4 protein chains.
Amino acid sequence: MYEANVKLNLASDYMRGAHVNIIRRMAETNMMETAGYGLDPVCESAKERIRKACGCPGARVEFLVGGTQTNAVMTDAFLRSYEGVIAAETGHISVHEAGAIESDGHKVLALPHDLGKISPDAVHCYIEDYYNDGNHDHMVRPGMVYISHPTEYGTLYSLEELKAFRKVCDEYRIPLYVDGARLAYALACPENDVTLADLAKYCDAFYIGGTKCGTLLGEAVVVPDPDRLPHLFTIIKQHGALLAKGRLLGIQFDELFKNDLYMRIGEPAITAANRIREVLRDKGYELYFESPTNQIFCIMENRKLDKFSEKVEYSFWEKYDNDHTVIRLATDWATEPEKADRLIEIL
Amino acid sequence: MYEANVKLNLASDYMRGAHVNIIRRMAETNMMETAGYGLDPVCESAKERIRKACGCPGARVEFLVGGTQTNAVMTDAFLRSYEGVIAAETGHISVHEAGAIESDGHKVLALPHDLGKISPDAVHCYIEDYYNDGNHDHMVRPGMVYISHPTEYGTLYSLEELKAFRKVCDEYRIPLYVDGARLAYALACPENDVTLADLAKYCDAFYIGGTKCGTLLGEAVVVPDPDRLPHLFTIIKQHGALLAKGRLLGIQFDELFKNDLYMRIGEPAITAANRIREVLRDKGYELYFESPTNQIFCIMENRKLDKFSEKVEYSFWEKYDNDHTVIRLATDWATEPEKADRLIEIL
Amino acid sequence: MYEANVKLNLASDYMRGAHVNIIRRMAETNMMETAGYGLDPVCESAKERIRKACGCPGARVEFLVGGTQTNAVMTDAFLRSYEGVIAAETGHISVHEAGAIESDGHKVLALPHDLGKISPDAVHCYIEDYYNDGNHDHMVRPGMVYISHPTEYGTLYSLEELKAFRKVCDEYRIPLYVDGARLAYALACPENDVTLADLAKYCDAFYIGGTKCGTLLGEAVVVPDPDRLPHLFTIIKQHGALLAKGRLLGIQFDELFKNDLYMRIGEPAITAANRIREVLRDKGYELYFESPTNQIFCIMENRKLDKFSEKVEYSFWEKYDNDHTVIRLATDWATEPEKADRLIEIL
Amino acid sequence: MYEANVKLNLASDYMRGAHVNIIRRMAETNMMETAGYGLDPVCESAKERIRKACGCPGARVEFLVGGTQTNAVMTDAFLRSYEGVIAAETGHISVHEAGAIESDGHKVLALPHDLGKISPDAVHCYIEDYYNDGNHDHMVRPGMVYISHPTEYGTLYSLEELKAFRKVCDEYRIPLYVDGARLAYALACPENDVTLADLAKYCDAFYIGGTKCGTLLGEAVVVPDPDRLPHLFTIIKQHGALLAKGRLLGIQFDELFKNDLYMRIGEPAITAANRIREVLRDKGYELYFESPTNQIFCIMENRKLDKFSEKVEYSFWEKYDNDHTVIRLATDWATEPEKADRLIEIL
């Protein structure tokens, strides 16, 4: 599978197909005849497994195709037309979704970030300032809080922070939504103390990432209290986010949640990422910042980068100064230990 | 694969997985590492095959996930904010997309249909009336024509009609867009005289249906003149319609367009549907109307329907009168000849 | 004021300025200094008068600038993103608002009309059909009923019909909204049995037309139960419908509701319209249909129309047949009795 | 008119009615009968005067009701669905329009400000960064530049800056739009070197503020090259921004542009504001920053503010520190010289 003459690919966490169990199950069930739109027994089984994993037997679970889509659907589902969503200025919805939130009519109320995170205090202050402003009814009403876990910077929120967000949201009676595009990498991380059950307990909705965590495609939205969003199906359909052969998503999440696979699937990524961070430090490279999950942010001298890029696929993160660049390396659920070894050789 | 003790399933054309070639290719290439968002060599190969099949080497081809999504993206791409799209009142965008077009701000300008079709003349009259109305600048501007081929009723447009639509659209300088969700069933139909090359020649955009025609998911949009829509990628992303692991779509269309498979993949559906229509007529059932593709519309006595529904999965189409119901039976690319045989037994 | 050498102008009911009391009050109060955005004592006085006239002391009253704007604001205020509004296919929101409702993301669910009216039964059937459709969650949810009183055709709903709409809306728990752009002409009509108090009792919101009924501009929205729409101010602002110098609207409605002026202001229009209808019938012209308010719809031979149009400004309504045209003549609150006399001479 | 026992009102520049010429003309023409929707001779006359004042005989001029509305209409007119508008983070569209721009689907791309201004260089950098970003097609495309003159902070752009914006916009082929809500106060200011002709020469569109500059309501949009926006009328209508009795706007701008009144109408505001700034400095108050137009920003000790607010109506601007507050005082076209005198007494 692994060829020495190709570049070492650490560009992203969506380069490969799906976990082998998924591929096998898809082949086996290919000629089954089931109802469409997720109304099939495989989807039901997958939903039931997810409810169990979240300790939330009454939750509504829906399978959507991708992350941008899921964020747009859920933001639109929770917000009224005059409301906006609070998010880190680095949040995926703030920058890299091509204005999907705005295209549904909602402003992203961007707060300054600290390594991709916003604090419950900052959210509290923002909303307080809004209500204290004499002209607040001329302004977009903050109607929802969006955080991602892990964040775009690979950092993690603590359970204490999650609880604090819940408290702020309760105070202003607005929903808390967690984007879990890379959730498996949080769950596989010793530093993480937020469980699926915690998310189900403290969020109004969150999604369990599939695309970056072992599926071909698909994200599983969990709404602990289904009465919050009675017409979610229609909202999904209106966004063009309803998969006709919904079974395809059911199969994948059914496999991911068999035998708690999802809890472990991120482990190879974390192991490899930690190894790479170690190697980089040993070799005298400076990490741009520390983050415990599957993304590594490293400051590279530009003159070394040319040569490096002949051998390694990476992502440009940002310019550091005139002579240095911040690059991102990403591992994933399928990253072989040899990748780290090979990186050592290259460095 | 086929079990006698389960109901005969003719409920829809999206009940099964994908063509075996697709499943095999997916398994074989699963651990390949490629760039995301459709920027991989498999997608490029698939696009090239489609360009060739359409006789349109300069066309832009994009892969989207589903039909509602594709229609919303393309309508939004072509229309300005004050424009609407002309469609049959029975068109998929008019009824069964949960207002996806309107959610992007565009009105569906619905015209009366004749077995799912609208005529170029009717479109011409509608636009003429619009321009002749003294208040037309208080009205939604007709900015695009949407037809589906085959239609929701399984009927077909002729090449002459397609050319006539082109003429109307040229006269008013508005784009013509064809929804080809079930295009393979038109192409497999002797009655059809519209080729892929014709679509590329006479439309501003059309999509080649995958979901209902042999893929797990995916539709291939073809834009013969790419300069018409320079920022289509961003529009797709904004609609949450950009698949991260775009390769998944590339694989499927690459297989469908190898050795002209797509031209033939609908044949079993047409053969089975024709057989079923013949059987129904022989048994004295009245077809609601004639349509040559993979959907069969039959008038059933309600008292017979109860028993029928114990043995066959079908779709309710509409109430005919107090004693009769119109039902829809659908075949697909994977329909075994035995299905028709079994229906004979049941009837 | 009235010159014999100019054309007799019966083109519309928005050709003149405002009632003399309004012009006088505007001049007198011009240099007053008050808070903006309708938060001034004049607006408060006007609101209080309207609440009294509606027998609804707890109602929220807001002043907006125009009718299209008001309909868009209120539709957006009541509907969720996946809901549409039921209206007559001839309703102002269906045709002549340039897609304002759709631009906010909502589909107008158009029902066939009978002289501009829809029936409570037809609405009931539509909603029942929606819920009985197996695919209804793929369709736009009917979320509100819109009627106008008088309608676009100048016809009136009866109190019984209004109550029946209320019953349907209660059954499905959706709001009933009445567009009263020409409400003064209903109130001045002996055939009308719907009072302001009835509207306040049976509607979730309605607006009292100003622009066509004696003001320079402005419509007064009444929301009998303000808790229904807690953030209406922000919704108005978001739609660009909040007038900075809101006092201008307050002055006008304060004058219209002093001494019940609004109840009588339409009388000259009705008197003149009835006289014109009588004259037309006497002269052998055929009315297209009977309607009791300030609009007259008459079938004219095309060969007579050329000459007629040299002397009279009218509106084209629609083509009747190859030799005849339906024209609309409109009277208003300021129509002098001499206009009818002069029309007699011309005919 | 001026009473000693009422508070000195410096709260805003939209507290009074209209210039006396306007009130007189409205009374005189009240019973005229004209066509609606701005298609009357008074509007035509006003448009012609504006074209002359701008030295732009081919310009399209449209009258809209208010500023938020005008900004929303023009942004929507220029942008495609996937584009956003660059503006200062303090711009009116960024903060105080309740998300009107986003409700049309467009993101406001907010740049840091310097006393309400953004620089052409900063805009250039922003767009360059966008195009240099490898993921820029996942991001909102910058499709327009919005500046206000004067800004929200009362500051002015120079002609050099305006030309530099034009250059940036030309480089990227995007429109430049100027919000002139308070334009009369720039034109009356000796520090200002941007004329109406300059705006017509260097902008793709701008609006001449009426509401804050002497009218009851109304803003005049100028589009120097009308071919840029062929369907502007329908866009205005769709936004609910088309006034039925459009003559009301025509009258006001016809009066404002008779004998160059608009060029001088802001003078009393500037005189009074300069006097107030002088007085404040003399009395030892610190101005928060210098701005040459009709708004004065002053730092006040909180303990003094209580007493001050018993005698003066002002606007809260922002908290300065725990003991101080920034307040805003505004003058307008109708501000009497005595207001400054009275402020001296109070201070």
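What rotation and what shift along its axis superpose chain C on chain A? In this predicted model, the rotation is 180° and the shift is 0.0 Å, with an RMSD of 0.0 Å. The two copies are thus related as by a two-fold rotation axis. The interface agrees with this description: 100% of the interface residues of chain C are also interface residues in chain A, so the copies meet through the same surface.

Chain C brings 20 residues to the contact, and chain A brings 20 residues. About 1800 Å² is buried between chain C and chain A, with 53% of that area coming from carbon and sulfur atoms. Three residues, R80(C), Y82(C) and H138(C), supply 33% of the area that chain C buries against chain A, more than any other three residues. Zero salt bridges were counted between chain C and chain A. Polar contacts, in turn, join twelve residue pairs across these chains, both residues being at pLDDT 80 or more. Helices α3 (67-78) and α10 (232-238) of chain C each supply at least two residues of the side that touches chain A. The most comes from α10(C), with five residues. By class, this side of chain C has nine nonpolar, six polar and five charged residues.

Salt bridges were also searched for over the whole structure, and 88 were found over all chains. One of them joins K7(A) to E313(A) at 3.9 Å, N to O. This pair links distant parts of the chain, 306 residues apart: K7(A) lies in the segment before β1 (8-9), and E313(A) lies in strand β11 (residues 312-313). K7(A) is partly exposed at 34% relative accessibility, and E313(A) is partly exposed at 32%.

A second salt bridge crosses between chains. E33(A) pairs with K339(B), the closest N and O atoms being 2.5 Å apart. E33(A) sits in the loop between α1 (20-28) and α2 (41-53) of chain A, and K339(B) sits in helix α15 (residues 337-346) of chain B. E33(A) is partly exposed at 24% relative accessibility, whereas K339(B) is buried at 2%.

Within chain B, D204(B) and R166(B) form a salt bridge of 2.8 Å, N to O. The loop between α9 (196-202) and β7 (205-209) holds D204(B), and helix α7 (residues 159-172) holds R166(B), 38 residues apart. D204(B) is buried, with a relative accessible area of 13%; R166(B) is buried, also with 13%. In chain A, a network of salt bridges links R25(A), R49(A), D254(A), E255(A) and K258(A).

Note on methods: Residues numbered from 1 in each chain as written. Chains lettered and ligands numbered in written order. Predicted model: local features only at pLDDT ≥ 70, side-chain atom pairs only at ≥ 80, totals over all residues. Heavy atoms only, no water. Contact = heavy atoms within 4.5 Å. Buried area = accessible area lost by both parts, 1.4 Å probe. Salt bridge = Lys/Arg side-chain N within 4 Å of Asp/Glu carboxyl O. Polar contact = N/O pair within 3.5 Å; in protein donor to acceptor, adjacent residues only side chain to side chain. Helix = DSSP H or I, 4+ residues; strand = E, 2+ residues; numbered from the N terminus. Nonpolar A, V, L, I, M, F, W, Y, C, P; charged D, E, K, R; others polar. Least-squares fit on C-alpha atoms with pLDDT ≥ 70 in both. Buried < 20%, exposed > 50% of the residue type's maximum accessible area, 1.4 Å probe, protein only.
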